[in-house]
Amino acid sequence: MNSLERIVPQSKDFVMGNEACAYGAIAAGCRFFAGYPITPSSEIPSLLAKMLPQVNGVFIQMEDEIASLAACIGAAWTGKKVLTATSGPGFSLMTENLGYAFMTETPLVIINTQRAGPSQGQAGKAGQGDVMQARFGSHGDYEIIALSPKNAEECFTLTVQAFNLAEKYRTPVVLLSDSVIAHLRETVDFSKINKPEIVERKRPKTLEQARRPFDDSEEDFIPPMPFFGEGNNLLVTGSTHTAEGIRETVDRATHEKLIRRLHNKIYTHQDEIVRYEEVFTETCDILAVSYGAPSRPTQGAVKRLQQEGHAVGFFRPIVLWPSPEKRLKELALQVKRVYLVEMSIRGYSAEIERIFGPDTVHHISKLTEVHTSHEIYEEIKRDMEENL
Amino acid sequence: MKPARIYRGKYLRRVPSLFCPGCGNGMILNAFIRAVDELPIPKEKYVLVSGIGCSAWIPSPNINMDTLHTTHGRAIAFATGVKLANPQLTVCVISGDGDLGSIGGNHLLHAARNNIDLTVVMVNNSIYGMTGGQVGPTTPHNIKTSTTPYGNPYHPADFPAIVSAAGASFVARWTTAHILQLKDSIKKAIQKKGFSFVEVLSQCPSHTVYKKEENAFEILEHFKSISQAGAIKTGIFVDIEKDELSESIYAQLGD
């Protein structure tokens, strides 16, 4: 048994979502964590502080969340797979360097265990109000990949997936967990779950490639990544830069070329990145959309409505950004009413309303805790009687 | 001393630099690469980290080594990640007083407290130069700047004293009138296993904070006289040995 197998459970275990995230990080090859304590994410750093040294990884508690993400970026450029974990207030501070990570094409994973905001809100209570923040919280035109697990098992598998996406696309990836699944203990059989293959970042094969860390000639828009200490005199900057990394603060064409490539890097691969789950959608004319913890009672409510003979489908985005808009636009042609169930007043609604039209979407939101299946069922029934 | 072209070819990406005429940054760049040249550490083992502002441009894009040009104030936090992820690298931060001391003050304090093996060169020109001469954390009291048009109501920070109190292993201050002493201190700072901090009082002739002295030459003369008179303290203030962070962390690794 190697050290990895000794610290990551290999059989049935009773774990919290946060613990599963930490195990997923180790399994994905994460060997550097910098973070700052915040409820309700704290089990992730606590477990990693214990596990990382056992696999020759580095754990550091920084002075704040700004510094945490900064340290992660610095470490990623030495070749490490890096992680930080936080919650709303900390994520707000991280949005500064999130933009920097996107601009410098630095692979990293941020776990945001969402809590009830805004501001301090209720630290121990759940929320899903950071979905738009992940997408638009940093300034300027940037793209993000954001994933949403629904249970402890997915906290493990999607953390691995988050690292894989970060490494493959050389970009920051956010795992938008929430305090319900973060602290819910569930049985996970680690021997049976479908563990994703581990992806490593693309590396330069020639000296010329190594000296063009932001190369724009790759067909997939993803340049190979050289590391510090390899003798390539790298220039890494958050300013607009050329393929070689040279800062270009005036020329319009350089900016246009760089930002459009960074956009295309995510946009043209959205079919590979997007993941979702759907049930009863072949013939449905009503659709319930939910993600994260509330998707579980929502699925229960949909099942009950189906049993009563209503043509209600269930759709769960697993990757929130880029959004599964292609599939949702197909469903938009077939459904007359959409129920969006989430623990937020705004949450994902702008995206769902954009696709289905604001008059089609009825929002079933509950703050600080997950809805019961019955609450969702009742509200859908009430609305159907009133509006359909 | 070797002729300048030797250093230029080996260490510089571009000549001339982008700095204003009379700026102290070129002199500090000169002192830094001469210090590096006298050390046995291979060039590819250096990572130079900087934040935002004129002096953050000293390493990036001027010096031909691995450089990381970061967000405003965060250079030390980025450098911490580089050093801890690969302790074989020699990590140096070169940035301004506003970047390292004002917006980045918290990172400076905690890197010194943790005694992580970084060399930090703080270029103190007493002003925000790049943005147009606004008051900085080191601007003398009562001085008029573009954001203190009636005189500076704030008090300047003494960063070597702050960093010493926070727990740094090596602390020095020189001025651009002390280039050889500066070079020697940078050398010692890089060799020191621990957090090293070198402040350089420098000149910004474009936004001078001095009443009488207007050009670089006059400001350098002023630096000489105030340091000789003891009006500002120069020299090495701290040079001690203590547990260093990356060594402490790496000592805990393994089964």
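Reader: Which side chain does A:Lys168 meet in a salt bridge?

Author: This is a predicted model, and in it the side chain of A:Lys168 meets that of A:Glu272 in a salt bridge, at 3.1 Å from N to O.

Reader: What about H7(A) in general, how many of its residues are buried?

Author: The count is 16 of the 18 residues, so H7(A) is largely enclosed by the rest of the structure.

Reader: What span should helix H7 of chain A have, and how far apart are its end C-alpha atoms?

Author: The helix covers residues 152-169, and at 1.5 Å a residue those 18 residues should span 26 Å; the end C-alpha atoms are 25 Å apart, which agrees.

Reader: What do I find at the start of H7(A)?

Author: There, a side-chain oxygen of A:Asn151 comes to within 3.3 Å of the backbone nitrogen of A:Glu153. Beyond the other end, just after H7(A), A:Arg170 has a positive phi of about 50 degrees.

Reader: Which residues other than glycine have a positive phi too?

Author: Most residues other than glycine have a negative phi, but A:Glu105 has a positive value near 55 degrees, and A:Asn233 has a positive phi of about 50 degrees. A:Glu105 is in the loop between helix H5 (88-103) and S5 of chain A, while A:Asn233 is in the loop between helix H9 (207-210) and strand S10 (235-237) of chain A.

Reader: Are those two buried or exposed?

Author: A:Glu105 counts as buried, at 0% relative accessibility, and A:Asn233 is buried with a relative accessible area of 18%, a value that falls under the 20% cut-off.

Reader: Switching to peptide bonds, which ones are cis?

Author: Most peptide bonds are trans. Among the cis ones are the bond from A:Thr39 to A:Pro40, with omega near 5 degrees, and the bond from A:Gly117 to A:Pro118, also with omega near 5 degrees. A:Pro40 lies in the loop between strand S2 (30-35) and helix H3 (43-51) of chain A, and A:Pro118 lies in the loop between strand S5 (108-116) and strand S6 (122-126) of chain A.

Reader: Okay, the open sheet of five strands in chain A: what is its order?

Author: The order is S11-S13-S12-S15-S16 in chain A, and the pairing is mixed. Strand S11 (276-279) and strand S16 (361-365) of chain A are the edge strands, each pairing on one side only. From one strand to the next, the twist averages 20 degrees.

Reader: How do S15 and S16 of chain A pair, parallel or antiparallel?

Author: Strand S15 (residues 337-342) of chain A and S16(A) pair in the parallel sense, over five bridges. A:Leu340, for instance, has A:His363 in S16(A) as its bridge partner.

Reader: Which helix lies across S15 and S16?

Author: That is helix H14 (residues 349-356) of chain A, which lies across strand S12 (286-290), S15 and S16 of chain A and runs at about 170 degrees to S15(A).

Reader: Back to salt bridges, how many are there over all chains?

Author: A search of the whole structure finds 47 salt bridges over all chains. One of them joins the side chains of A:Lys329 and A:Glu325, at 3.0 Å from N to O. Both residues lie in helix H13 (residues 325-332) of chain A, four residues apart, about one turn of the helix. An α-helix has 3.6 residues a turn, so residues three or four places apart point the same way. A:Lys329 is partly exposed, with a relative accessible area of 42%, whereas A:Glu325 counts as buried at 18% relative accessibility.

Reader: What does B:Asp117 form a salt bridge with?

Author: Its partner is B:Lys193, and the closest N and O atoms are 3.3 Å apart. This pair links distant parts of the chain, 76 residues apart, with B:Asp117 in the loop between helix H5 (105-114) and strand S4 (119-124) of chain B, and B:Lys193 in the loop between helix H7 (179-191) and strand S8 (196-201) of chain B. B:Asp117 counts as buried, at 10% relative accessibility, and B:Lys193 as partly exposed, at 30%.

Reader: Which residues are linked in a network of salt bridges?

Author: A:Arg212, A:Asp215, A:Asp216, A:Glu244 and A:Lys257 are linked in such a network.

Notes:
Residues numbered from 1 in each chain as written. Chains lettered and ligands numbered in written order. Predicted model: local features only at pLDDT ≥ 70, side-chain atom pairs only at ≥ 80, totals over all residues. Heavy atoms only, no water. Helix = DSSP H or I, 4+ residues; strand = E, 2+ residues; numbered from the N terminus. Expected span 1.5 Å × (residues − 1). Buried < 20%, exposed > 50% of the residue type's maximum accessible area, 1.4 Å probe, protein only. Polar contact = N/O pair within 3.5 Å; in protein donor to acceptor, adjacent residues only side chain to side chain. Pairing = 2+ DSSP bridges. Axes fitted to C-alpha atoms, helices over the stretch in contact; angles between N-to-C directions. Contact = heavy atoms within 4.5 Å. Salt bridge = Lys/Arg side-chain N within 4 Å of Asp/Glu carboxyl O.
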